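Subject: Structure handover

Hi,

Here is the structure I promised to pass on. Please open it next to this message, and my notes follow below.

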Amino acid sequence: MTRLLAFVLLVLTTGAAQGEATGHGSYAGFHSREIKALSASDVEGLQQGRGMELALPAELNGYPGPMHVLELADELNLTEEQRERTEQAFERMRERASELGEQVIESERELDRLFAERQATLEEIERLTEQTARRWGQLRAVHLEYHLVMLTVLDDEQVRRYVHHRGHGHRH
């Protein structure tokens, strides 16, 4: 057991030393990003109003999301009215999220610009990070809101089927 522990420690410390020697290899490719804090797929997701896992607390606790409800429409036996209400909810969510996503991108772009141009000050950093966080929070709230909306569209049995089909194994 002691040899195993010594071996694990050796592997861990060797890996850490190699990581230091190569100098934050995890940032490889970040320098070429237009906005350093956002990947191209992040920007695209924000522009298109995608969920980007912002609603995980709702999704993983049995609150259906409109996009996935539409994907499971047949399995959930949606009525025509439920399908229409879900499509409308999804479109409203996507529009609102896309609008807020553009605002997040702009905030992140401005923060990146300050540093790129060596113009960052503590006052500007505080202002922009608060603005960015507020916009991210608003975006997350929009995605979470529409998981609540879906509870007004689906009945309890459909919610149970949704959870089952999504594989969350929640107690609903």
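**Val142 and its surroundings**

Setting aside neighbours up to four places away in sequence, Val142 contacts Met93, Arg96, Ala97 and Leu100. Val142 sits in helix 6. Its relative accessibility is 3%, so Val142 counts as buried. Arg94 is 48 residues from Val142 in sequence, yet the two C-alpha atoms are 9.1 Å apart in space.

Please keep in mind that this is a predicted model.

**Overall picture**

The protein has seven helices and zero strands. Along the sequence the pattern reads α-α-α-α-α-α-α. Of the 172 residues in the protein, 31% are buried. The accessible surface comes to about 11,200 Å². Carbon and sulfur atoms account for 54% of that surface.

Now the contacts. Take those between residues at least 6 apart in sequence: 79% of them join residues at least 24 apart.

**Salt bridges**

How many salt bridges are there? The count comes to twelve. Here are some of them.

- Glu91 and Arg94: their side chains form a salt bridge, at 2.5 Å from N to O. Both residues are in helix 5, three residues apart, or about one turn of the helix. Glu91 has a relative accessible area of 30%, so it is partly exposed. Arg94 is also partly exposed, because its relative accessible area is 28%.
- Glu106 and Arg109: the closest N and O atoms of this salt bridge are 3.4 Å apart. This pair also lies in helix 5, with a spacing of three residues, about one turn of the helix. Arg109 has 31% relative accessibility and therefore counts as partly exposed. Glu106, at a relative accessible area of 40%, is partly exposed too.
- Glu124 and Arg127: here the closest N and O atoms are 2.8 Å apart. Both residues belong to helix 6 and are three residues apart, about one turn of the helix. With a relative accessible area of 39%, Arg127 is partly exposed.

Together with Glu34, they are linked in a network of salt bridges.

**A buried arginine without a partner**

Arg135 deserves a look on screen. This residue is in helix 6, which covers residues 122-153. Is Arg135 buried or exposed? Arg135 is buried, yet it has no salt bridge. Which side chain of opposite charge is nearest to Arg135? That is Glu106, 6.9 Å away. A salt bridge needs a side-chain nitrogen of Lys or Arg within 4 Å of a carboxyl oxygen of Asp or Glu. Glu106 does have a salt bridge with Arg109.

**A negative patch**

Four glutamates gather in a patch of negative charge on the surface: Glu80, Glu81, Glu84 and Glu87. One of them, Glu84, is in helix 5, which runs over residues 80-116. Its relative accessibility is 39%, so Glu84 counts as partly exposed.

Which residues other than glycine have a positive phi? Glu53 and Arg118 are among them.

Glu53 has a phi of about 65°. It lies in the loop between helix 2 (40-48) and helix 3 (56-59). Glu53 is exposed, because its relative accessible area is 62%.

Arg118 has a phi near 55°. Its place is the loop between helix 5 and helix 6. At 76% relative accessibility, Arg118 counts as exposed.

**Where to look**

For a quick tour, begin with buried Val142 in helix 6. Then go to Arg135, which is buried but has no salt bridge. From there, turn to Glu106, Arg109 and Glu34 and their salt-bridge network. Next, view the negative patch that includes Glu84. Finish in the loops, at Glu53 and Arg118.

Best wishes

Terms used. Residues numbered from 1 in each chain as written. Predicted model: local features only at pLDDT ≥ 70, side-chain atom pairs only at ≥ 80, totals over all residues. Heavy atoms only, no water. Helix = DSSP H or I, 4+ residues; strand = E, 2+ residues; numbered from the N terminus. Buried < 20%, exposed > 50% of the residue type's maximum accessible area, 1.4 Å probe, protein only. Lys, Arg positive; Asp, Glu negative; His and termini not counted. Patch = residues over 30% accessible without salt bridge, like charges linked within 9 Å, V, L, I, M, F, W, Y side chains within 5 Å. Areas by Shrake-Rupley, 256 points an atom, 1.4 Å probe, with all protein chains shown as cover. Charge placed at Lys NZ, Arg CZ, Asp CG, Glu CD. Contact = heavy atoms within 4.5 Å.
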